[in-house]
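This report is for a reader meeting the structure for the first time. It moves from surface patches to the overall layout and then to charged pairs.

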Amino acid sequence: MTGRQLLDPYAVLGVARDASALQIARAHRRLAKAHHPDLNPGEDAERMRRINEAWQILSVPTLRAAYDETRVRAGGGHWSASRPIIRPATPSTTRTWATWLATAAETRAAPRTVRPPGEIPVPPTRRPPPITVEPVTFRDSGWAALVAAAVILLLLATAIVAGRLV
C-alpha cells in the first residue's frame, strides 16, 4: 500500500460505512468470485488487488476503526458531508422485496411474480435432475455376451473339426 493511493475500502466493496462484519464478508466473497483472475481470465488483476486491500482493512475490527478515525481526522476525505449515504438498491420484484423487508407471514401473503407466457421458470435448485434408471434388457445383461461367446466358440470348434475331417 506504500507509494500508491488507496481508494475508500467501503466504496471498493460497495457497502455502507455502518455495514456489519457479515455484510462486508458477503460483499468481499461476491466481488472475489466476480473479479478473480483465475476464475475470469479477462478480468483485471488490479481490481482484485483493490478488493483484497479493502478486505484486509475492513475485516480486522482494529484496522477498520483506525481507518475510520484517520478519515475523520483528515477532514472527512471521501466521507465528507456532501457524500450521499450508500444504501442497497431495492429489489426489483414484489416477492423479493417482501422477503427482504417483511416478516414471514407478510412474505407468504405477498403477490407472486406473474411470468409472461412462454418464459421458462428458473428451477429452485442448481442440482441436476435425478438420474432415471432404464429397464434392463437382454442385450444390457451379461447373458447376451455369454451367449455370443458360446456361439463364437461353437463356430470355432466346428471349423476346427471340419478342417480335420476334410
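## A nonpolar surface patch

Leu146 is part of helix 7, which covers residues 142-165. The model described here is a predicted one. With a relative accessibility of 51%, Leu146 counts as exposed, because the class begins at over 50%.

Leu146 belongs to a nonpolar patch on the surface, together with Phe138, Trp143, Val147, Val151 and Leu155. The accessible area of these residues together is about 660 Å².

## Overall layout

Along the sequence, the pattern reads α-α-α-α-α-α-α.

The protein has 166 residues, and 18% of them count as buried. Its accessible surface is about 13,300 Å², and carbon and sulfur atoms make up 63% of that surface. Among contacts with a separation of 6 or more, 47% are between residues 24 or more positions apart.

## A positive surface patch

Charged residues also form a patch on the surface. Arg26, Arg29, Lys33 and Arg126 gather there in a patch of positive charge.

One of these residues, Arg29, is located in helix 2. Its relative accessibility is 48%, so Arg29 counts as partly exposed.

Side chains of opposite charge can pair when their charged atoms come close. In this protein the count of salt bridges comes to three.

One of them joins Asp68 and Arg17, with the closest N and O atoms 3.6 Å apart. Asp68 lies in helix 4 (residues 61-73), while Arg17 lies in the loop between helix 1 (9-13) and helix 2 (21-35). The pair therefore ties together parts that are 51 residues apart in sequence. Are the two partners buried or exposed? Asp68 is buried, with a relative accessible area of 18%, which is under the 20% limit for that class. Arg17, at 28%, is partly exposed.

Which residues are linked in a network of salt bridges? The network is made up of Glu46, Arg49 and Glu53. Arg49 takes part in two pairings here, one with Glu46 and one with Glu53.

In the pairing of Glu46 with Arg49, the N to O distance is 2.0 Å. Both residues lie in helix 3 (residues 45-59), and they are three residues apart, about one turn of the helix. In the pairing of Glu53 with Arg49, the N to O distance is 2.5 Å. Glu53 and Arg49 are four residues apart in helix 3, so about one helical turn separates them.

Glu46 is partly exposed, with a relative accessible area of 35%. Arg49 is partly exposed as well, with a value of 23%. Glu53, at 8% relative accessibility, counts as buried.

Key:
Residues are numbered from 1 along each chain as its sequence is written. This is a predicted model: local features need pLDDT of at least 70, side-chain atom pairs count only at pLDDT 80 or more; totals for chains, interfaces and linings use all residues. Side-chain values use heavy atoms; hydrogens and water are left out. A salt bridge is a side-chain nitrogen of Lys or Arg within 4 Å of a carboxyl oxygen of Asp or Glu. Helices (H or I, at least four residues) and strands (E, at least two) are DSSP runs, numbered from the N terminus. Buried means under 20% relative accessible area, exposed over 50%, partly exposed in between (1.4 Å probe, protein chains only). Patches are made of residues with over 30% relative accessible area and no salt bridge: like charges are joined within 9 Å, nonpolar side chains (Val, Leu, Ile, Met, Phe, Trp, Tyr) within 5 Å. Accessible areas come from the Shrake-Rupley method with a 1.4 Å probe; for residues, only the protein chains shown count as cover. Lys and Arg count as positive and Asp and Glu as negative; His and the chain ends are not counted. The place of a charge is taken as NZ of Lys, CZ of Arg, CG of Asp or CD of Glu. Contact means heavy atoms within 4.5 Å.
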